[in-house]
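Trainee: Could you walk me through this one before I start my notes?
Mentor: Gladly; have a look at it first, and then ask away.

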Amino acid sequence: MFTNATKLKVNMEMKEQCKKLNISLSKIANELGYSRQYVQMVVAGNRQNNKITTAVYLALEARKSELRKLIG
């Protein structure tokens, strides 16, 4: 089980990655039927929602894949 410090670190990394890779949280919110504010709270670590977390991780991986194709 994760400690609170570990959860905070993971969420901060997710939040930072979303900013750096220009992940649209509004798009994820619309696709899943949640408000943008709620998705932001999940990404910031203030709420827990596995469906949103999974969608964000998938969006991050898709964006990383796009960038890899551009580079190489």
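Trainee: How many helices and strands does the chain have?
Mentor: This is a predicted model, and in it the secondary structure of the chain comes to four helices and zero strands, so that reading along the sequence gives the pattern α-α-α-α.

Trainee: And how do α2 and α4 sit relative to each other?
Mentor: The axes of helix α2, residues 25-32, and helix α4, residues 50-71, come within 11 Å and cross at roughly 130°.

Trainee: What else does I28 touch, if I skip its neighbours within four places in sequence?
Mentor: With those left aside, I28 is in contact with I23, V39, A55, V56 and A59.

Trainee: Changing topic, which residues of the largest nonpolar core touch the most other members?
Mentor: That core has 14 residues, and the ones touching the most other members are C18, L25, I28, V39, V43, V56 and L60. Two or more residues come from each of α1 (4-20), α2, α3 (36-44) and α4, with α4 giving the most, namely four residues.

Trainee: And what share of the chain is buried?
Mentor: Of its 72 residues, 24% count as buried.

Note on methods:
Residues are numbered from 1 along each chain as its sequence is written. This is a predicted model: local features need pLDDT of at least 70, side-chain atom pairs count only at pLDDT 80 or more; totals for chains, interfaces and linings use all residues. Side-chain values use heavy atoms; hydrogens and water are left out. Axes are lines fitted to C-alpha atoms, for helices over the stretch in contact, and angles run from 0 to 180 degrees between N-to-C directions. A nonpolar core is a set of buried Ala, Val, Leu, Ile, Met, Phe, Trp, Tyr and Cys residues joined through side-chain atoms within 4.5 Å. Buried means under 20% relative accessible area, exposed over 50%, partly exposed in between (1.4 Å probe, protein chains only). Contact means heavy atoms within 4.5 Å.
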